[in-house]
Amino acid sequence: YNEGLIKNVTNYGNISHPYDSNIEDLSYTQPVYIAGIVQSNTGVIEKAINKGNIFGESARESSVNVQSMQIAGIANSGGTIRNSRNEGNITFNYTKSELDIRIGGISSGKTTIDSSVNLGSIKVEIADSIAKKYALVIGGIALEGSVKNSTNEGNISAIDSTSARWTYARFAGILPGGITGLENINVDSCINRGDIEGFINVAGILGQGTGNIQNVRNSGNIKAYSGLTQGTYVGGIAGLSKKNNGIGHAFNEGEVTAVATEKDTTTSYVGGICGFAEYNNLNVVSNIASISASGKKAYAGGIVGYSQYNIFINVYNWGEIESDSAAGGIIGRKYIYNNYYENVYNAAPVKGSYVGPIEPAEYYEIFKFKDTTTSIFYDSTFVCDTTNKVNMYYFDPINPTGYQSKSYSALVAITPMN
């Protein structure tokens, strides 16, 4: 346990828990903490390096309802970590019911992190025999808190092939968002280069949370597998971005994909920047990678999969968008009104059953949309697989008279780029 200062330390040894399943009681009644440098931190760690691989497992059922375990390359809990690096791979075997597992490449808690790097991969093997899951949260850097000037280079992989319901499941290159600490998250000048493969909530930078995300870039490929009982939120920058998030100077260069099974009837939201965005301010953001979603209820957007009460300013998409259901060059689906667009551009093909160069036509065309639009442009070479379903509707911005006012198709602010 550290309450003071740890500086200029290196761990070279591998760490395994349990180290011998034949002699160690695996039915834990207390939380378990595993870390490369210090088990629990509330002080300051500076210039620490972990070179050892870390392995965790719980091999039989616990006597408690929910068993908690935290694993980190440098330290668990909180405190401050600066100029530190994890080079070891982290592996965990999820082999029992109701495990609460939290893993971070640098920290597994709510931490202030500056100028740190994770180079190690994080992989969780999930047993098919488990009937009841609880929580799995993985971050390339930490779980929650404040992170700046940091980079994740390691791949993250966790695949669940069962239909069991999870209480929480989040995966992200920088911060996935903790179990309860989803507010006051700040990410500044961070990069994710690792490929991330997970389920339910997957993103390059932030899995879920509210705060500020500025000056970030994702170049890793992001893939989410949808479950049979829960929706899927996957984005190049953020998975589920809610209430009053500010996302600025955010750029995605990695492919973003949602994969559904044949039996899947849940909804997937996939976007180059956000899977799901509500009350967000997106300013100077772009996507240049392909975005795709499979399934009967799959919505794919070049910038946002689902949009509600958002502000889009200086937004650009150059990545091809494709969905089995609905797809749009900027958003895949929206609440019936109140998004603001200014200087918004799409210059890529859009393919799907319901499509649009900026947003797709809704399944029910009786809805009339009330979006404020300025300088919206699109490349006219987009593809519609189903005819007569590409109109976009808006209230008359000059003389709105309510929900039943006259609608316009492709309002004058929407202009082809060629």
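By class, six nonpolar, five polar and two charged residues line the second largest pocket of this predicted model. Here Ala, Val, Leu, Ile, Met, Phe, Trp, Tyr, Cys and Pro count as nonpolar, Asp, Glu, Lys and Arg as charged, and the others, Gly among them, as polar. A pocket is an open set of points on a 1 Å grid over the protein atoms alone, with protein on both sides within 12 Å along at least five of seven lines, and lining residues have an atom within 4 Å of a point. The space in this pocket is about 190 Å³, a volume being what probe spheres set on the points fill. Thr-167, Ile-200, Gln-208, Gln-230 and Tyr-233 lie nearest the centre, out of 13 lining residues.

Which strand gives the most to that lining? That's β20, with three residues. Strands are DSSP runs of E, at least two residues long, numbered from the N terminus. β20 (residues 168-172) is largely enclosed by the rest of the structure, because four of its five residues are buried, meaning under 20% relative accessible area with a 1.4 Å probe, protein chains only.

Overall, the protein has 47 strands and zero helices.

Residues are numbered from 1 along each chain as its sequence is written. Local features need pLDDT of at least 70 and side-chain atom pairs pLDDT 80 or more, while totals for chains, interfaces and linings use all residues, and side-chain values use heavy atoms, with hydrogens and water left out.

Methods:
Buried means under 20% relative accessible area, exposed over 50%, partly exposed in between (1.4 Å probe, protein chains only). On a 1 Å grid over the protein atoms alone, a cavity is a set of points where a 1.4 Å probe fits but cannot get out, and a pocket is an open set with protein on both sides within 12 Å along at least five of seven lines; lining residues have an atom within 4 Å of a point.
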